[in-house]
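Subject: Structure handed over, with notes on its aromatic rings

Dear colleague,

I am passing on the structure below and would be glad if you opened it while you read.

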Amino acid sequence: MPDDALGLAMLDRFRGCLRAPCVYRDGADAGDAHVYEHYLVPSEEWPESKWEFVESLRTPVLDVGCGAGQHALAIQDCGEVVAFDVSPNAVRTARARGVELVFVGDMFDPPAESGRFETVLANGTQIGLAGSLDGLADLLASLAEFTTDTGELVVDSYDPTRIDSEAFFGYRPDSRTGVARRTFHVEYGGLRGPDLDFLLVSPERLREVAADAGLDVFDVSYSAPESSYFKARLR
């Protein structure tokens, strides 16, 4: 079984000190994993746009792949949130930070009750781990089963039609319009995390896949006008 490299780096950084650099690795290329910036920035240091996003999420929330619990920690101040992550050390970090309901679990088999959440949040481009467009449709349909009749699924990705392939770490092109891949693993000290192969889709491709899953993408927002990163809401 691959090591929980990223999760342990989160836990060590939260406790005050990384014991070694934590990096993304793609062949001979390496890049900083930015553990603090991606997972541990306290909410009082968030930009207003991030607060607006969190405050827009209707509770109860199912936080899928919660990492170190940054969203869950903020959400639980105003409503119920159930969080889980496949990384045991990420879950330990989230608990240490004060997330009350957080468990070890896999997004392909969520440890939660179906049909009870107003929001299912899958942040961190992790839906790309579904591997294929058909797999993505199956995953979206599965996650949507955990929403209420009025609930929504919130996901994110990078838009391949906006990506600078030379500057985007782990980029792999695809012959299909609006589709690409990102491949890397995490290294932390002597630990090596699993090989990660993310499917990246444009909003247009996501709409097609969502339709196959019986869902509608009713809102798309980019993090900045020229950015490739976007969030989408489905129901």
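A residue is called buried when its relative accessible area is under 20%, exposed when over 50%, and partly exposed in between, using a 1.4 Å probe and protein chains only. By that rule F169 is buried, with a relative accessible area of 19%, and Y24, at 10% relative accessibility, counts as buried too.

Please keep in mind that this is a predicted model, in which local features need pLDDT of at least 70 and side-chain atom pairs count only at pLDDT 80 or more, while totals for chains, interfaces and linings use all residues. Residues are numbered from 1 along each chain as its sequence is written, and side-chain values use heavy atoms, with hydrogens and water left out.

Rings of Phe, Tyr and Trp (its six-membered ring) pair if their centres lie within 6.5 Å, and planes under 30 degrees apart count as stacked, over 60 as edge-to-face and the rest as tilted. A search of the whole structure finds nine such aromatic pairs. One of them is the tilted pair of Y24 and F169, with 6.2 Å from centre to centre and 40 degrees between the planes. Y24 also pairs with F184, where the centres are 4.3 Å apart and the planes are at 35 degrees, so this pair is tilted. Both Y24 and F184 are buried. Ring pairs link Y24, F169, F184 and F198 into a cluster.

Kind regards
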